[in-house]
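Thanks for coming, everyone. Please look at the screen, and I will walk you through it.

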Amino acid sequence: MIEIDGSEGEGGGQVVRNACALSLVTGAPFRITHVRGKRSKPGLMRQHVTAVEAAAAIGQAEVSGLAVGSDTLTFRPGSVVPGEYHFAVGTAGSTGLVLQTVLMPLVLAGAPSRLVLEGGTHNMLAPPFEFIAKSFLPVVNRMGPTVRARLVRHGFYPRGGGRIEIDIAPATLQPIEACERGAPTARSGQAL
């Protein structure tokens with residue numbers, strides 16, 4: 001069992017999301033104490049609960065301490081099962097951060113998957129949909145898999161209600177070299 005102090009480093013939700021993804025990929029169980037210990041409202045928030053629920057669902061994991069406000073979380077992974085999944089944050093919490101939790105385990109799962117994620121698509125302190133679709137996923141795709149994202153409905157704070165759909169064609173990850181910055185190809189802006 002890997003023991004993690006959730007107040008170390010940035011002390012936020014990324015510790016939870018990365019721990020779940022790495023646990024599913026490696027098969028190693030973990031326990032986090034002091035979850036989000038450096039935040040003004042420590043403990044799990046709704047979007048973190050949804051991310052862990054998503055990781056548990058795709059990876060047949062056993063989880064304890066999974067509740068809003070919980071400051072301790074234990075996660076014991078099973079096998080990742082590709083397929084069709086639907087996860088709703090239930091608030092304006094970030095769909096992109098839920099995606100980051102389950103993407104790599106599904107990319108390595110050996111068969112295609114489809115995700116429907118509902119919640120916030122454009123959040124403060126989280127990558128907006130356009131970043132995921134136009135910056136993050138093109139780099140992932142250069143490594144071998146094909147991941148396509150569609151914005152079905154925008155979701156903004158405080159209401160949420162957004163919807164994104166993700167299709168994942170898995171592949172063994174290949175290294176890429178990105179040592180030189182490419183020349184700018186275009187500039188544009190969009191206000192939502």
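Is glutamate 165 buried or exposed? Glutamate 165 counts as buried, because its relative accessibility is 12%. Here buried means under 20% relative accessible area, exposed means over 50%, and partly exposed is in between, with a 1.4 Å probe and protein chains only.

A word on the source. This is a predicted model, where local features need pLDDT of at least 70 and side-chain atom pairs count only at pLDDT 80 or more, while totals for chains, interfaces and linings use all residues. Residues are numbered from 1 along each chain as its sequence is written, and side-chain values use heavy atoms, with hydrogens and water left out.

Now the salt bridges. A salt bridge is a side-chain nitrogen of Lys or Arg within 4 Å of a carboxyl oxygen of Asp or Glu. By this rule the count comes to 9 salt bridges.

Start with glutamate 165 again. Its side chain meets that of arginine 114 in a salt bridge, at 2.8 Å from N to O. Glutamate 165 sits in strand β8, residues 162-169, and arginine 114 in strand β6, so the pair ties together parts 51 residues apart in sequence. Strands and helices here are DSSP runs, numbered from the N terminus: helices are H or I with at least four residues, strands are E with at least two. Arginine 114 is partly exposed, because its relative accessible area is 26%.

Next pair. Glutamate 118 and arginine 163 meet through their side chains in a salt bridge, 3.4 Å from N to O. This pair links distant parts of the chain: glutamate 118 is in strand β6, arginine 163 in strand β8, and they are 45 residues apart. Arginine 163 has 21% relative accessibility, so it counts as partly exposed.

Third pair. The side chains of aspartate 167 and arginine 150 form a salt bridge of 2.9 Å, N to O. Aspartate 167 lies in strand β8 and arginine 150 in strand β7, residues 146-153, so parts 17 residues apart in sequence are tied together. Aspartate 167 counts as partly exposed at 27% relative accessibility. Arginine 150 is partly exposed too, at 32%.

Which residues do salt bridges with shared partners join into one network? They are Arg114, Glu118, Arg150, Arg153, Arg163, Glu165 and Asp167.

Stay with aspartate 167 for a moment. Glutamate 84 and aspartate 167 are 83 residues apart in sequence, and their C-alpha atoms are 9.2 Å apart in space. Glutamate 84 is in strand β5, residues 84-88. Glutamate 84 counts as exposed, because its relative accessibility is 67%.

Back to arginine 163, with a contrast. Its C-alpha atom is separated by 34 Å from that of glutamate 3, which is 160 residues away along the chain. Glutamate 3 has its place in strand β1, residues 2-5.

How much space lies in the largest pocket? About 720 Å³. Of the 23 residues lining this pocket, the closest to its centre are Arg36, Met45, Gln47, Met124 and Leu125. Helices α1 (14-26) and α2 (46-59) each supply at least two lining residues. The largest share, 3 residues, comes from α2. The method is a 1 Å grid over the protein atoms alone: a pocket is an open set of points where a 1.4 Å probe fits, with protein on both sides within 12 Å along at least five of seven lines, and lining residues have an atom within 4 Å of a point. Grid points are joined across faces, edges and corners, and the volume is the space filled by probe spheres set on the points.

Last, the backbone. Most residues other than glycine have a negative phi, and most peptide bonds are trans. So here are the exceptions to look at. Histidine 34 is not a glycine, yet its phi is positive, about 60°. Histidine 34 is in the loop between β2 (30-33) and α2. At 44% relative accessibility, histidine 34 counts as partly exposed. Glutamine 60 also has a positive phi, near 45°. Glutamine 60 is in the loop between α2 and β3 (62-64). Finally, tyrosine 157 and proline 158 are joined by a cis peptide bond, with omega about 5°. Proline 158 is in the loop between β7 and β8.
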